[in-house]
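The following exercises are to be worked through in order, with the structure at hand. Each task is followed by a solution in steps.

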Amino acid sequence: MPEVAAPGAGQYPTRFPSLPVRFAAGDRVRVREAAPLGHIRTPFYIRGHVGVIERYCGAYPNPEELAQMRDGLPAQPLYRVRFLQSAVWPDYAGRPEDTIDIEIFQHWLERE
Amino acid sequence: MGGLPAGRVEPSEHDYAEWEQRVDALMVLLSGVKGGTPRMTVDELRKNIEALGPEAYDKLGYYERWVTSITQTMIQRGIITTDELGRKMEEIRARREDACRK
């Protein structure tokens, strides 16, 4: 498996055997609409929404697995995904071009 | 909690009680970020906070949630047993009552 260096090296180990990176900046993705048990980092309010990959943030042990006392490997690629506020919140009163960025792991994303 | 309306956010600074600082230090030591063998991850801390019932979540303060979650994790990992925990809590309660009587 390829090893991918994550940015922000320092306090924590940042090189892990990781899954292949599937998305690149600019790709349109939809957040999976799932509700498994456990510790899930993907906010409920963003599930089912379509966004655009803003950047790749490195690959990290899967927190859903870490929460269950396993090693979370292979590491899951993490992306910053950009959504339109007006698409996420039906009653959004701000400017129509306002966006929200959320960091989401690859296994929660599907190509749109 | 869980996307429910929570009212206004009141930004304010406050000093942490000694026990709160100790709970924070406990997490630093157990997670191994300052060296030593890691005994738990921040993800386990979060999972066991999220597993609190809504009533307990609302009733407990921030570091009370932490110490409850850390304790639960130590039991899940087999580092302590529920029996040891119960006896230790009893011992401390008795010690405090004893100190109050003096």
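A residue is buried if 20 or more other C-beta atoms lie within 10 Å of its own, exposed if 12 or fewer, and partly exposed in between, with C-beta atoms placed from the backbone. This is a predicted model, in which local features need pLDDT of at least 70 and side-chain atom pairs count only at pLDDT 80 or more, while totals for chains, interfaces and linings use all residues. Residues are numbered from 1 along each chain as its sequence is written, and chains are lettered from A and ligands numbered from 1 in the order in which they are written.

**Exercise 1. Describe the build of chain B.**

Step 1. Helices (H or I, at least four residues) and strands (E, at least two) are DSSP runs, numbered from the N terminus. Chain B contains five helices and zero strands.

Step 2. Of its 102 residues, 11% count as buried.

Step 3. The radius of gyration is taken over C-alpha atoms, and the globule rule is 2.2 Å times the number of residues to the power 0.38. For chain B the radius is 16 Å, well over the 13 Å that the rule gives for 102 residues, so the chain is more spread out than a compact globule.

Step 4. Along the principal axes, the C-alpha atoms of chain B fill a box of roughly 45 × 40 × 25 Å.

**Exercise 2. State the strand order of the open sheet in chain A and identify the strands at its edges.**

Step 1. Two strands pair if DSSP finds at least two bridges between them. The five strands follow the order β6-β5-β4-β3-β7, with antiparallel pairing.

Step 2. In chain A, β6 (99-105) and β7 (109-111) each have a single partner strand, so one side of each is left without a neighbour in the sheet.

Step 3. Strand β4 (residues 50-60) of chain A pairs with strand β5 (residues 76-84) of chain A over six bridges. Within β5(A), A:V81 is the residue opposite A:I53.

Step 4. Three bridges link β3(A) and β4(A), where A:R28 faces A:V52. Three bridges also join β3(A) to β7(A), and there A:V31 has A:L109 as its bridge partner.

**Exercise 3. Determine which residues lie on the covered face of β3(A) and which on the uncovered one.**

Step 1. In a regular strand the side chains alternate between the two faces of the sheet.

Step 2. The covered face of β3(A) holds A:V29 and A:V31, whereas A:R28 and A:R30 lie on the uncovered face.

**Exercise 4. Locate A:P74 and A:M69 and describe the backbone at each.**

Step 1. Most residues other than glycine have a negative phi, and most peptide bonds are trans.

Step 2. A:P74 is placed in the loop between α1 (63-66) and β5 of chain A. The peptide bond from A:L73 to A:P74 is cis, with omega near 0°.

Step 3. A:M69 also lies in the loop between α1 and β5 of chain A. Its phi is positive, about 70°, although A:M69 is not a glycine. A:M69 is partly exposed, with 14 other C-beta atoms within 10 Å.
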